[in-house]
Amino acid sequence: MASTNGEAGTLPEGVMSLLDTDLYKLTMQCAVLKYFSEVEVEYNFTNRTQDMKLNRAAFRWLQTQTDKLANIILSDEELDYLRNTCTYFNEAYLRYMSTFRFRPGEHIHLAFHAINDTNSDEDLGDIELQTKGLWVETILYEIPLLALTSEAYFKFCDRDWRYEGQTQKAYHKGLQLLQNGCLFSEFGSRRRRDYYTQELVLRGLMQAQREGSANGLKGKFTGTSNVHFAMKYGIPPVGTVAHEWFMGVAAITNDYENASETALRYWLATFGKGVLGIALTDTFGTPVFLKAFRKPIPSYTSAESGQAATLPSVAAASTLPSTGSLSTTEPPLHAPVDYPHDVDGNRELSYAQVFTGVRQDSGDPVGFVKVMRDFYDSEGIKDKKTIVFSDSLNVELCLQYKRAAEQAGFQPSFGVGTFLTNDFVRESTGKKSIPLNIVIKISKAAGRPAVKISDNIGKNTGDPATVAEVKRRLGYTEKEWEGGNERTRWGAEGDAAQTQQA
C-alpha cells in the first residue's frame, strides 16, 4: 500500500466524527428514541468472505480504534448542520445527540481467535465482534465498526494496492452514469477501503457532476449516504431505511404477520408524509411486505415501548405525557396523526400511495420491477413511483436496471457502494483486489432473536430456527437468485480488474 502524495499521510486514521456514518442510522435512531428507548438489543458480526481473515496486528489496530470511538462527540457545528439540513429530526432527538457518546468498553466485545496461534503479529484468525446494550445507544456502532474492520484488513493483511487513480476512476464511473441519464448516490461507507479512499471517490464524483451540469447531461449525482462527507463537501445526505428497523420491530412485538405494517406506521408517525419516503420491501420477503403496503394508514400509531410522542404535530394532538417510559404499555397506544385522505375525502390513503417509492436490495432486480408494476397497477396507483436499486451495483447493472424500470414506468435511482469505495487492483499482478464482504446485523431485540429473510436465500440472517419458524408463519416461498452468491459478490481472487465498474 502506498499513498499518492503526502496528504494521505496527514489524514487521521479510523473514524473521527459521529456523522461518519450512513444517514439511515441516524433516522432509525431518531425513531428508536421515540418508541423503543428502553429496548435492549444485540448485534453480531459476520465475515462472508471467510478466506479473507485479519491477522493479529490488524486486530490490535482495530481494538485501539474501537476504543477511540469513546472520544468522539458531536460538535456544535455538526449539531447545527443536522438541525438546518436534516429538518425532519425533532428537537428531542437533537438534544439527545448533543450529549451522545459511544461507550465501547461497555457495549462492545471484541476478540481474536488465531487459527494457528504462535503469538505472532502475522497469525491469522477469526474476529468475534458483538455489540450489546440499549438499542438507542448501540445503533450507531455498525458503520464505524465495519469501516474500521475493512481498513484494518487492507492496512495490515493486504497491502498490495495503491491510491493512485481512485479519483479518476470514480470520475469516469460517475461520468458514464451521468451520460446515460442515471440518478445515483454514493453508498459506500460501510465497506470502504478507508476514509481517504471515500474522500478520493467523492472528489471524482463531484468533478463528474460539475462537468455533467456544464454539458447539460441528464443524469445527476444526488449525494452521499455519509453525513460527515455530505457536510464537508456541501452535497445532500441521502438515505432510506435499513432492514434493522423491520427486524427490531418484529422481534420486539413477536408479531411477524403484522410487523411490516407496524414498522411503517411507526416510521410515518416519526417523520410524517413525504419525508424519507422510500420503503424497503424485502426484510421478510417482498410478497409479505406488499400485503402491508396496500393497507390504509390508520389515524393513529401503536407503540410497544419508548418515549411519548416527540414529533410536534403528534404531541399537540396526543393525550400522552411529554416524557416517560412506555416500555410496559400494551399496544395499541393511540397517538393521532394528521394523515391525508384521497381527493374526495372519503378514504384514507394507503402506505403505497403515501410512500414515494421502494428500495430493491435482494433477489432478481428485473423481476422485482415486474412485481412492483403489477402491484401498483392492481392498487390503481397512477403516480410515477421511484425504485432505488442498491444491491451490489456496477455501471453495467445500473444501465440494465434503468432500462427495465423506465420501460415499466418507474423513476430509477441507484445507491452505489462497494464498487465505488473499494475498487482496487493488486499492484503486483494488476488483478482485482477483492473487498471484504462483512456485515453487522441486529441479532436480538427485547430478548428475542431478530432475523431477516430477504428475497434471496443467500441473505437469510439470524438464528436458523427462528428463520425457519418465521418462514412457516408467513408462508414464505423460498427463493434463490443466481446472482446472489455472497462469497463472490464483488469478484473472486484472480479475477481481471474491471475498470468501468461502479
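Does Cys 86 count as buried or exposed, and at what relative accessibility? In this predicted model, in which local features need pLDDT of at least 70, side-chain atom pairs count only at pLDDT 80 or more, and totals for chains, interfaces and linings use all residues, Cys 86 counts as buried because its relative accessibility is 1%, where buried means under 20% relative accessible area, exposed over 50% and partly exposed in between, with a 1.4 Å probe and protein chains only. Residues are numbered from 1 along each chain as its sequence is written, and side-chain values use heavy atoms, with hydrogens and water left out.

A disulfide is a covalent bond between the sulfur atoms of two cysteines. When a disulfide is taken as a pair of cysteine sulfur atoms within 2.5 Å, the count comes to 0. Cys 182 is thus in no disulfide, and the nearest cysteine sulfur, that of Cys 398, lies 5.7 Å away. Cys 182 also counts as buried, because its relative accessibility is 0%.

Apart from its neighbours within four places in sequence, Phe 89 is in contact (heavy atoms within 4.5 Å) with Leu 23, Leu 26, Thr 27, Cys 30, Leu 82 and Leu 94.

An open sheet is formed by 6 strands in the order S6-S5-S12-S11-S10-S7, with parallel pairing, two strands being paired if DSSP finds at least two bridges between them. Strand S6 (220-224) and strand S7 (278-280) are the edge strands, each pairing on one side only. S7 pairs with strand S10 (residues 357-360) in the parallel sense over 3 bridges, and Ala 279 stands opposite Val 358 in S10.

In helix H3 (residues 56-68), the 13 residues should span 18 Å at 1.5 Å a residue, and the end C-alpha atoms are 19 Å apart, which agrees; the expected span is 1.5 Å times one less than the number of residues. The buried residues of H3, among them Phe 59, Trp 61 and Leu 62, pack against strand S2 (54-55), helix H6 (104-107), strand S3 (108-114), strand S4 (124-134) and helix H8 (142-156).

Key. Helices (H or I, at least four residues) and strands (E, at least two) are DSSP runs, numbered from the N terminus.
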